[in-house]
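Subject: Structure handover

Hello,

Please look through it first; my notes follow below.

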Amino acid sequence: MSRIDPHSWCDSDQPRQRHLDLDLTVDFEARALSGTARIDLAAPAGGPLDLDGRDLAIDSVVDQAGAKIPWTVAQTEAVRGDRLRLDLPQGTESITVTYATASGALALGWLEPQQTAGGEHPFMFSQCQPIHARTMVPCQDTPRNRVTYDARITVPAPLRAVMSAASGGQQTEGGQTAWSFSMPQAIPTYLLALAVGNLEARDLGPRCRVYAEPETVEQAAWEFAETDGMITSAEKLFGPYEWDRFDMLVMPPAFPYGGMENPRLTFLTPTLLAGDRSQVNVVAHELAHSWTGNLVTNATMQDFWLNEGFTVYAERRILEEVYGRAFADLQSVVRRNALQVYLDKMGQGSPVSHLRTHLEGVDPDEVYSLVPYEKGAQFVQLLEDAVGLERFDAFLLQYIHTFRFQSITTDEFLAFLEEQLPGIYEQVRGPEWVDGPDMPDNEILVQAAAVDRLRDLAAGWSDGVRPDAETRAGWSSTEVQLYLQDLPRVIDEAGCRWLDETFALDGQGNYEVLVEWLTIAAGSAYAPALPRVRQVLTDMGRMKYLKPLYLALKNNEDTLAMARELFDAVKETYHPLSRASVEGMLLE
Ligand code: BES
Ligand code: ZN
């Protein structure tokens, strides 16, 4: 037996899946997908085969000839989920599982019509990363094994299904539409993705369009109009775009993340629709994953920094190319500040502040933080600095080319680094970064005059220093956000009122600024802002915003009761992942 991933039952001595063929019906009433998943093996095989599953209701398992295959749920673990053991007769080429998903399946979000922009139709979506594909499809749910897939998804007729795949047309019959898809490029199973809703599309370029509800599609098309140019810039930096299309789907507000890099169809939160294109960094980020993450993939969640660290670095390179250095630098500083919040919360010396982590028995969702992102990107930046841009660019191209459509461990990366750029790992004190805690003191801090000015201003807050109208006039939304990030976490009522009025914060449409403000306001129990806090926590499910807001409410005894009461009232509308993460925090 040889288990290669602490988050999967997959045994590398057993046969390997190569292709999935899904035929599923979406039942909004039952909140379930049901139908068949056919798993084609890389080669005909026999003997035991362990698949990942979680709470799947399995009806039958048969081989390519329709002969029954014996199966059991042989073991269940809290983090890994169910081990589905099949006993394959010799010569098995493919396995067809007839099953239904559980109503609480962690991958699936089911939204009532009132949670959508249109208010008329229900909506559903999947979020399989990191280890939730197994709640949607029985499979070897480890990124080490890639699959191509085909799918037929049957939905109520007025709705449209979209997937991380090429669309292959649709057929309507008897009030139901069956949508066909095929995904010719091999992907890790965490990139399986499906969404169903009342969707329209706008073309943004020859290989790029945005899907959204009709009510938001125009706004989305404006906000993301520059995406095609980003693809071109990214290709110059990282090599050809290998996924044919880069489409985007703007989700309802309950989507738990900012973005998810599902290949051919990035999922995005509607909180990016700020009206000023200030949140396009998330698009740059998800696009960058097309190279770092989707082409070169982490072998397990212990190597997650290879996905996110390289992607944040690549995101900044794209932003610099398209919007200039100053824009990219401000983003870096905002996120370095956000990383510090995580590090402070972990406490010094925390093992989850290492880039390479050890997650046997640990739920990757529970240890999610900005460490793999920002510490990872800093480490990559350090490598760039050590060898110079030209050599590093050549290294990056070689890295992506060598490992395209593969999944690698940190050790495999380090061996490649040593081979290509000998001695550099030691030179940048790599071991401290990869296997040590906190931020080593050789990190490169962004130097920018604009940032220093904001820091100085914020540092003078307690002495009564306030930026005057002229100073504030030229600030971008990101500069306002930075200023707020640097202010004390608890501010008296007069101070809160001054901020609120001066920056028109209550009416902010930019969520980055709004939530930064509301976190201060909630932590300060500033009563006039509490209705807005309540509204945001009711309307929106992005974890990045839910967590700090609930935490601020929880940490102040005047608002603790409000946090509990509000969460109880709205938790059923949250995606199961958002619900679990807030619940865990409120119980801490
Ligand atoms: N792949 C991640 C989202 C993710 C990570 C989902 C881990 C599940 C488990 C995605 O690329 C991401 O990082 N999104 C960020 C935005 C980015 C600009 C930092 C987000 O959602 O905030
Ligand atoms: Zn990412």
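**Ligand site**

His289 places a polar side-chain atom 2.9 Å from an oxygen atom of ligand 1 (a polar contact is a pair of N or O atoms within 3.5 Å). Tyr373 also has a polar side-chain atom 2.6 Å from an oxygen atom of ligand 1. With Gly258, a polar backbone atom is 2.6 Å from an oxygen of the ligand. On its own, ligand 1 has 520 Å² of accessible area, and the protein covers 95% of that (Shrake-Rupley method, 1.4 Å probe).

This is a predicted model: local features need pLDDT of at least 70, side-chain atom pairs pLDDT 80 or more, while totals for chains, interfaces and linings use all residues. Residues are numbered from 1 along each chain as written, chains are lettered from A and ligands numbered from 1 in written order, and side-chain values use heavy atoms, without hydrogens and water.

**The shell and α3**

The shell around ligand 1 holds 18 residues (a heavy atom within 4 Å). Helix α3 gives the most, with 3 residues. Helices are DSSP runs of H or I, at least four residues; strands are runs of E, at least two. Glu286 is one of them.

**Thr266**

Thr266 sits in strand β17, residues 265-268. Thr266 is buried, at 2% relative accessible area. Its contacts (heavy atoms within 4.5 Å) include Glu286 and Glu261.

Best wishes

How values were computed:
Buried < 20%, exposed > 50% of the residue type's maximum accessible area, 1.4 Å probe, protein only. Polar contact = N/O pair within 3.5 Å; in protein donor to acceptor, adjacent residues only side chain to side chain. Lists of a residue's contacts leave out its neighbours within four places in sequence.
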